Amino acid sequence: MNYSIIRYVVGYVLKVEAAMLLLPVIVDFIHGEDKWYYYLISAGLCALAGVTMTIVKPKSNIFYLKEGCVSTALSWIGLSIFGGLPFFLSGEIPSFINAIFEVVSGLTTTGASILSDLSTLSHASLFWRSFTHWIGGMGVLVFLMAILPMTGGSTINLMRAESPGPDVGKLAPHMRETARILYLIYMGLTATMLLILLISGMPVFDAFTMSFGTAGTGGFAVRNSGMADYTVFQQVVINVFMILFGVNFNAFYYILYRKFKKAWQMEEVRAYFIIILASITIITINILHMCSGVWDAIQKAAFQVGSIITTTGFSNADFDTWPSLSKYILVLLMFMGACAGSTGGGLKVSRVLILLKSVGKEITSYIHPKTIRKIRFENAPLTHEIVRSTTVYFLAYIALFIVSLFIISLNGYDFETNFTGVAATINNIGPGLSAVGPTQNFDFFSPLSKIVFIFDMLAGRLELFPMLILFYPRIMIEDFTHHHHHVHVRSIYHRHRPHSLRGPRNNGKHSDD
C-alpha cells in the first residue's frame with residue numbers, strides 16, 4: 001500500500017475544499033450577515049490540514065485500485081468533517097453529528113435533512129448546503145484530475161472508486177482529458193439551467209441554489225415551502241434538468257460530437273426514459289382524483305417520478321398521502337435509481353437490466369439445459385465475470401441494507417419509516433415515507449442511527465466498496481478491489497482501455513492517464 005500517495009491525494013482534496021469554503025464568505029458579504037468568519041475559520045483549518053499533508057511529496061506517484069479506493073473513502077470522510085465545521089461553529093446546527101449528517105447528505109447528493117426550519121439558516125449556510133450537492137454530483141476527485149497534472153500511474157482508479165455506476169473508463173485517450181470533458185458537460189448543463197431560471201424570473205440566490213441542487217441530483221431546498229413558491233414553468237424546468245442529469249453522460253458526449261445514432265442505441269438510456277414514461281402514466285391515472293385536473297396530475301406525477309428516479313429528492317407534493325400503488329412505484333424507483341455515469345444514485349438502471357437478463361437466462365437454461373445463450377447488453381455480449389460482478393455488488397448492497405435496517409429498528413419506529421429511511425439514504429434520495437416523508441426530516445433519530453445513515457449515504461455515493469474496504473484486513477484489500485473493479489460493463493471506453501488496467505499491476509509500464 002502506497003500510504004504517501006493516499007496522504008497526498010487526501011491533502012489535495014482538502015486544499016480544494018478550503019478554496020470552496022471561501023464562496024459562502026462572499027455570499028455572506030453580499031447579504032450583509034455575520035457568519036462569514038465561521039467559514040473563514042473552517043477554510044483556514046481545512047487549508048492547514050491540506051498543506052500539512054502535501055508538504056512532503058510522495059516518492060512514488062503510482063497507485064493502484066486499493067490506493068484509489070482508500071484515497072477516495074478517506075477524502076470523502078475528510079470533506080465531510082471540514083464541510084460540517086461551519087454549521088457547528090456558527091451554532092446554526094449545534095450538534096456535531098447533525099452538522100456532519102447535513103453536509104454528508106449534501107456531498108453525497110442525498111438531500112435528507114435534520115433541519116425543520118430553513119429560515120433560521122444564514123444565506124451563506126443555505127448556499128453551502130446546495131453547493132455541496134454540486135461538488136459531490138460529479139465528484140471532487142474527478143475535478144482534481146481535471147485541473148491537476150497527475151501523471152504517472154493509473155489515475156483512472158480514483159475515478160473508478162468515486163464515479164457512480166458499474167463502469168468507468170475513458171472518453172478520451174488520457175484521464176485528465178476525460179475528466180475535463182465530463183466537467184465541461186456538467187458545467188454546461190448547470191449554466192444552461194441557471195440561465196433559464198434567471199430568465200423565468202426566479203430570484204438570483206434561488207436560481208443558483210436550485211441549479212446546484214438539480215445538477216448534483218441532491219434535493220436541498222432553500223425555502224420551507226420547498227417548490228411551492230416557484231411557478232409551474234420553473235418546476236417544469238427543474239424537472240426536465242433533473243431527468244437530464246440522470247442520463248449517462250456518455251450520451252451527452254455522443255450528442256456533443258454529433259454521434260446521435262450511438263446516443264440513441266444506448267440501451268440503458270432508452271430503458272431509463274421508458275421507465276419514466278410508464279411510471280408517470282400509471283401515477284397520473286392513480287392520483288387523478290386527488291388533483292385539480294389532468295395537467296395538474298401529470299405535472300405532479302412527472303415531477304415526483306423525475307425527482308425520485310434521479311434520486312434528487314425535490315418534492316412539489318406530499319406523495320406520502322398518495323394511494324398505495326403510486327407510493328409503491330416511487331419506492332421501486334428509489335431502488336432503481338438513474339443511469340450509470342450520471343450524477344444520480346440508486347442501483348442504476350444498467351445493473352437492474354443485467355440482473356433481470358441474468359434471471360431470464362437462468363430460466364431459459366432451466367427449461368432448455370442444452371441451450372447456450374449469451375446475455376447481451378448495449379449491443380454486445382456480457383462475459384460471465386461481468387454478470388458475477390453485478391451480482392456481487394447487489395448482494396453486498398442487500399447485506400448492507402439488512403444490517404442498517406436492523407440497527408435503525410432499535411429506535412422502535414414503524415417499519416415504513418425505518419425501511420424507507422435506509423432506502424432514502426443508501427440510494428442518496430432524501431425523502432422517504434411516513435415519519436421521513438417529504439414534509440418531515442431525520443432529526444428525531446438517535447445519534448447511532450444518524451451515524452449509520454451517514455455511512456450509508458457515503459457508501460451509496462461511492463458504490464459501496466471504497467467504504468467497505470476500510471473495514472477489511474489489509475491483506476485482503478488487493479484481492480477484494482481486484483475482484484470488484486477488474487470487471488466492467490462494456491461501454492464506449494473499452495477501445496481506449498490500456499492493458500495495464502486489466503489487473504492490479506501493470507508490470508512497470510505507465511501511461512500518463
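Both Lys-348 and Glu-463 are buried in this predicted model, where buried denotes a relative accessible area under 20%, exposed one over 50%, and partly exposed one in between (1.4 Å probe, protein chains only). The side chains of Lys-348 and Glu-463 form a salt bridge with an N to O distance of 3.4 Å; the term requires a side-chain nitrogen of Lys or Arg within 4 Å of a carboxyl oxygen of Asp or Glu. Distant parts of the chain are linked by this pair, 115 residues apart: Lys-348 lies in the loop between α16 (324-336) and α17 (349-367), and Glu-463 in the loop between α20 (447-461) and α21 (465-469). Helices (H or I, at least four residues) and strands (E, at least two) are DSSP runs numbered from the N terminus.

Residues are numbered from 1 along each chain as its sequence is written, and side-chain values use heavy atoms, with hydrogens and water left out. As the model is a prediction, local features need pLDDT of at least 70 and side-chain atom pairs count only at pLDDT 80 or more, while totals for chains, interfaces and linings use all residues.

Over the whole structure, the search finds 9 salt bridges. One of them joins the side chains of Arg-129 and Glu-102 at 2.9 Å, N to O. Here too, distant parts of the chain are linked, with Arg-129 in helix α6 (residues 123-138) and Glu-102 in helix α5 (residues 96-107), 27 residues apart. Arg-129 counts as buried because its relative accessibility is 2%, and Glu-102, with a relative accessible area of 1%, is likewise buried.

A further salt bridge connects Lys-327 with Asp-320, whose closest N and O atoms are 3.9 Å apart. Lys-327 is buried, at a relative accessible area of 16%, whereas Asp-320 is classed as partly exposed because its relative accessibility is 21%.

Helix α6 also contains Ser-125. The relative accessible area of Ser-125 is 0%, and the residue is therefore buried. The side chain of Ser-125 makes a polar contact of 2.5 Å with that of Glu-92; such a contact is a pair of N or O atoms within 3.5 Å, where within protein one atom must be able to donate a hydrogen and the other to accept it, and residues adjacent in sequence count only if both atoms are side-chain atoms. When residues up to four places away in sequence are not counted, Ser-125 touches Tyr-39, Phe-87 and Glu-92, contact being defined as heavy atoms within 4.5 Å.
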